Structure formats: structure tokens, C-alpha cells
Amino acid sequence: MTLIFGIETSCDETAAAVVEATADGRLRLRSNVVASQVEMHRKYGGVFPEVAARRHIETIHAVAREALEAAEVRPEALSAIAVTHGPGLAGSLLVGVNFAKGLALAWEKPLIGVNHLEGHIYSLWLSQHADSLRFPALCLLISGGHTELLLVRGHGAYVLLGSTLDDAVGEAFDKVARLLGLGYPGGPAIERAAREGDPRAYAFARADLGAERPYAFSFSGIKTAVMRAVQPQPTHGRRVRGEEALKADNLRPDVNIADVAASFQAAAIEMLIEPTLRAAQAHPVSAIWLAGGVSANAYLRAQLAARTDLPVYAPPLALCTDNAAMIAAAGYFRYSAGQRDSLSLDALPMLALA
Ligand code: KG4
Ligand code: ZN
């Protein structure tokens with residue numbers, strides 16, 4: 001039996017988890033602790049990097065201890081320590097990386113650096129579909145910082161087909177939610193509000209990047225379109241801009257928030273689905289995998305499944321957003337492949353997957 005201790009601090013969640021791998025390579029979650037900073041960041045309407053790093057320092061020790069206790073695992077029994085070393089906020093990453101180094105040194109365990117995005121993909125190995133996952137697969141990786149279409153050829157073997165030219169899709173959900181006064185994080189709030197709304201109420205223009213960039217995405221246009229639709233017409237030639245424009249107290253009085261949320265969600269999801277279906281047709285893949293925070297969206301899951309004959313696999317809801325179980329899962333495959341990192345492992349804020 002292999003036991004991997006995972007640590008994740010790349011953004012605003014301080015997380016630790018223990019994943020067990022049986023001899024036949026099946027993964028089982030032994031514990032999964034996530035201390036969310038959402039409440040704290042809510043007052044800023046987003047993540048404040050210095051505040052996030054400081055909070056990780058305050059919380060990581062207790063979170064790690066709780067993960068071990070909940071798993072009923074003693075440090076001696078662990079096979080390796082896996083930690084997110086990028087991409088993410090530099091200060092936040094450093095807290096996790098340094099903590100993991102300390103543990104690896106003190107407990108004399110191998111250290112394994114994991115790419116956060118790869119972690120999101122490996123949350124699928126902790127789902128009920130784990131036994132059905134086959135290569136090559138097409139992965140739509142959608143989070144607050146990334147929107148990428150990847151061809152997954154094997155463990156750790158990725159080809160980047162396309163990505164966003166501007167905002168990540170999760171970022172667009174967060175910004176529109178803020179504009180509508182729905183709070184942070186925006187994705188779940190928009191999804192909830194959208195259930196009561198009419199997705200055809202507003203015709204937000206969808207970015208069509210055409211034949212030249214069949215697998216690229218763009219979300220800055222729709223964000224601006226929503227802003228135009230819900231904010232008062234400029235008076236005296238002045239239109240509010242920047243931070244001020246993102247405030248909900250600037251809404252036009254006749255705006256129906258549920259309708260805007262539903263129309264925005266429908267358009268944004270459509271813009272994810274089109275390139276994904278194009279890529280699925282152009283490449284022989286076994287399935288479409290969803291990963292990252294936005295893959296929690298039920299409307300996306302249903303729409304995509306309805307429009308393809310390929311199986312669509314998504315992580316368990318609790319493992320869509322940032323967690324350390326996915327880092328331990330990815331760490332297990334890297335550990336099995338022989339990866340061992342030294343104590344000079346770097347935090348790499350811009351680390352790419354492919
Ligand atoms: O993967 P994640 O936890 O963090 C990053 O690595 O960025 O993703 C967070 C993003 C946020 O933008 C959040 O609004 C979005 O995922 N999100 C959702 C939903 N749940 C979370 N977006 C749409 N629908 C959801 N249900
Ligand atoms: Zn993430």
C-alpha cells in the first residue's frame with residue numbers, strides 16, 4: 001500500500017490530504033481537509049495575495065495535522081510528500097513548498113512537486129469513473145486562472161490545443177457575479193441565480209474566433225457586454241470604469257438579476273462547448289474530461305453530455321475546486337514513475353502544463 005500526503009496552497013485554500021493507492025493502482029481518499037479563505041476574501045471581492053499568504057502560514061500546520069489524524073496515518077507510514085509548486089500566487093506557493101520541504105526533511109520522505117493544473121486533472125482518479133479513464137482523452141481545464149483545451153496522451157503527457165486569449169472563464173463568472181452583487185466566489189452564485197432566470201432574456205454576443213483559432217477562448221467581451229446591459233446609460237457623457245464599474249450599486253433599476261445570470265451562463269458555457277466539440281471531432285479521443293473549479297457547473301455538465309456521444313467525465317463535486325487530494329493523486333502517479341525532487345524545489349508562479 002502506498003500513502004501519499006498532499007499539500008496545496010497555490011491560491012486561497014490551505015489544504016492537506018492523504019490518498020491511499022492499493023497494489024492494483026486504485027486510489028482511495030483517506031482524508032481531505034480544506035481551510036477556505038473565502039469568507040475573508042469576500043470583503044475584497046477577490047483574493048488579496050499578501051493576505052492569502054499570511055493566512056496560509058497561520059493555518060497550514062493545523063490543517064496538515066488534521067489531515068493525518070483524520071486519515072489515521074502516522075508520518076512514518078507515509079510513502080511521499082506531494083506539494084503544489086506552481087502555477088499560483090508566489091507568496092502562497094512558497095508557504096506550501098517550504099512546509100512540505102520541512103516535513104520531507106524531518107520525516108525522511110521523498111518530496112514530489114506537482115503542477116496544480118495536473119492536480120485538477122487527477123481529481124478524476126478520485127471519481128467513480130476512475131476505472132473508465134483511458135488515453136488519449138480531451139481535457140477541458142477550467143478554473144479561476146486557466147481555460148485550456150488539452151490532449152492528454154498518457155500520464156503526464158499533454159498537448160495544449162488552445163487556451164483563453166484574455167480572461168479565464170472562472171474569472172468571468174467571478175466578475176459578473178460581483179457586478180450583479182452576488183458575492184464571491186461568483187461561479188456557484190451565478191449558477192444558483194441562473195436557475196430562476198431565462199437564458200434567452202439577453203442576447204450576449206458570443207466570441208467566435210473562427211477557423212483560425214478553432215480551440216481558443218475569449219471571455220473579456222462578454223464581461224463588457226454584461227456590464228453594458230446592466231449599468232445605467234452614461235449621464236453627462238461619463239461612463240463609470242474600472243473598479244467602480246464592477247460595483248452592484250450601479251445597476252439599472254429594471255435589471256432582472258436571474259435573467260442576466262442565466263443568459264451570461266448560457267453564453268459562457270456555449271463558448272466553452274463549441275471549441276471542445278471541434279477538438280473532439282478532430283482528434284481520436286476516448287472521452288471528454290472536465291477539470292477545475294468551473295467543472296462543478298451542472299449546466300455545463302448537462303449541456304456538454306447532451307451534445308456529444310463521447311463519455312463526459314467530471315470530478316466529484318467536492319474535488320472540483322482547489323484541494324490537496326488531487327495533488328496527492330497526481331503525486332502518486334509521479335511517485336510511481338520515479339519522480340523525486342530535491343530540497344531545492346522551486347515555487348514557480350507561471351509553471352505551465354504543456
Ligand atoms: O480550480 P479553482 O478552485 O481555483 C483555481 O485554480 O483557479 O477554481 C475556482 C473558480 C472560481 O472562479 C469559481 O467562481 C469557479 O471556479 N466555480 C464555478 C463553479 N464553482 C466554482 N464556476 C461556475 N459554476 C460553478 N458551479
Ligand atoms: Zn485550481
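Contact here denotes heavy atoms within 4.5 Å. Helices (H or I, at least four residues) are DSSP runs, numbered from the N terminus.

The legends below describe a predicted model, in which local features need pLDDT of at least 70, side-chain atom pairs count only at pLDDT 80 or more, and totals for chains, interfaces and linings use all residues. Residues are numbered from 1 along each chain as its sequence is written, chains are lettered from A and ligands numbered from 1 in the order in which they are written, and side-chain values use heavy atoms, with hydrogens and water left out.

**View 1. Packing of helix H5 with helix H7.** Lys175, Val176 and Leu179 of H5 meet Lys223, Val226, Met227 and Val230 of H7. By class, this contact comprises five nonpolar, no polar and two charged residues (Ala, Val, Leu, Ile, Met, Phe, Trp, Tyr, Cys and Pro count as nonpolar, Asp, Glu, Lys and Arg as charged, and the others, Gly among them, as polar). The axes of H5 and H7 are 10 Å apart, at an angle of about 10° (axes are lines fitted to C-alpha atoms, for helices over the stretch in contact, and angles run from 0 to 180 degrees between N-to-C directions). H5 and H7 are therefore roughly parallel (angles under 35 degrees count as roughly parallel, over 145 as roughly antiparallel).

**View 2. Packing of helix H5 with helix H9.** H5 (residues 169-179) packs with H9 at an angle of about 170°, the axes being 11 Å apart. The two helices, H5 and H9, are therefore roughly antiparallel to each other. Val169, Ala172, Phe173 and Val176 of H5 form the contact with Phe264, Gln265, Ala268, Ile269 and Leu272 of H9.

**View 3. Packing of helix H7 with helix H9.** The axes of H7 (residues 220-230) and H9 (residues 257-282) come within 11 Å and cross at roughly 165°. H7 is therefore roughly antiparallel to H9. Ile222, Val226 and Val230 of H7 make the contact with Val260, Phe264, Ala267, Ala268 and Met271 of H9. The contact of H7 with H9 contains eight nonpolar, no polar and no charged residues.

**View 4. Surroundings of ligand 1.** Of the 18 residues around ligand 1, those that come nearest are His120, Gly144, Asp174, Gly187 and Glu191 (a residue is near a molecule if one of its heavy atoms lies within 4 Å of it). An N or O atom in the side chain of Asp174 is 2.7 Å from an oxygen atom of ligand 1. A polar backbone atom of Gly187 lies 2.9 Å from an oxygen atom of ligand 1. A polar side-chain atom of His116 is 3.1 Å from an oxygen atom of ligand 1.

Methods:
Parallel < 35°, antiparallel > 145°, perpendicular 65-115°, else oblique. Polar contact = N/O pair within 3.5 Å; in protein donor to acceptor, adjacent residues only side chain to side chain.
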